[in-house]
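Me: I'd like to learn how to read a helix and its surroundings in a model like this one. Could you walk me through it?

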Amino acid sequence: WAFFKSKGYSEAATAGIMGNLMVESSLNPARHQIKGPAKGIAQWESGRFDNLVKFAKARGKSWTDLYTQLEFIDKETNGLGIYFSKQGTSLSGFKSMEDPAKAAEVFEKAFERASKSNMDARKKYAQLFYKKYTGKDYSTSLSLASLTSTGSDTTTDSSTTTTATSGATTDSSTTTTGTSGLGVLAAITSA
C-alpha cells in the first residue's frame with residue numbers, strides 16, 4: 001500500500017493494483033506458476049520476466065526481492081501509456097482513479113493482460129483492500145527499502161502492530177518457497 005501511494009497512485013488505483021497482484025500471486029514475490037512459465041508477484045513471463053531479472057541484477061538484487069518487483073511494476077506501468085489509452089484513460093488518469101473496481105479492471109487490461117482474467121476476483125480484492133486501507137498511512141512505519149531476506153518483518157499503523165513470517169505455500173495453480181518481504185505483505189493483508 002505504502003509503496004504505490006508513495007509513487008503517486010490514488011488509494012483506488014493502489015487497491016486496484018493490489019487486487020490484481022492478489023489474484024496473480026497471493027501477493028507472493030517468489031510465486032511460480034504450476035504448469036506455466038509465470039513468476040513473481042505479477043506473474044511475469046517470457047521477455048517481461050527476463051526484463052525483471054535484468055532490472056534486479058542491475059540493482060544487485062534477486063528477482064524475488066519484493067521491493068525490486070514493486071519498483072519494476074512501477075517502471076513497467078509508467079511505460080504503458082498506449083495500453084491505458086485503449087482503456088479510455090491515461091497513466092495519470094489511472095493513477096488518480098477513485099473507483100477501486102474500475103482501477104482493478106483497467107490495471108488488468110493495461111498491465112496484466114491475463115489470458116483468463118478472473119475479473120470478479122480482482123475487483124473483489126481491490127474493493128477489500130480499499131475498504132481496509134483507505135485513509136491509513138503506512139509510510140512512516142513501513143520501509144520496503146529496508147526489507148531483508150529473513151522472511152520476518154513488522155509493520156505498525158496507528159492501531160495495530162503485526163509480525164508475520166513467510167513460509168512455503170502451495171495451491172492448485174502455483175507454488176513458492178520463502179522470499180524476502182513476504183512477511184510485510186502478510187502483515188499488511190492481515191492487519
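Reply: Happy to! The expected span of a helix is 1.5 Å times one less than its number of residues. Keep in mind that this is a predicted model.

Me: What span should the 15 residues of α8 have, and how far apart are its end C-alpha atoms?

Reply: For its 15 residues, α8 should span 21 Å, and the end C-alpha atoms are 21 Å apart, which agrees. Just after α8, G135 takes a positive phi of about 85°.

Me: Which residues of α8 are buried?

Reply: First the general idea: an α-helix has 3.6 residues a turn, so residues three or four places apart point the same way. In α8, the buried ones are M119, A121, R122, A126, F129 and Y133. Viewed down the helix axis, they fall within an arc of 160°, so they line one face. D120 and K131, on the other side of α8, are exposed.

Me: Which residues have the most contacts inside the largest nonpolar core?

Reply: In soluble globular proteins, nonpolar side chains tend to be buried together. Here the largest nonpolar core has 34 residues, and F4, L21, W44, I73 and F94 have the most contacts inside it. Among the helices that each supply at least two residues of this core are α1, α2 and α8.

Me: Where should I be careful about pLDDT?

Reply: Where pLDDT is low, the predicted coordinates should not be read in detail. The mean pLDDT of the protein is 78, with 72% of its residues at 70 or more. Over residues 140-191, however, pLDDT is below 50.

Note on methods
Residues numbered from 1 in each chain as written. Predicted model: local features only at pLDDT ≥ 70, side-chain atom pairs only at ≥ 80, totals over all residues. Heavy atoms only, no water. Core = buried A, V, L, I, M, F, W, Y, C linked by side-chain atoms within 4.5 Å. Buried < 20%, exposed > 50% of the residue type's maximum accessible area, 1.4 Å probe, protein only. Helix = DSSP H or I, 4+ residues; strand = E, 2+ residues; numbered from the N terminus. pLDDT = per-residue confidence, 0-100. Contact = heavy atoms within 4.5 Å. Arc of directions from axis to C-beta.
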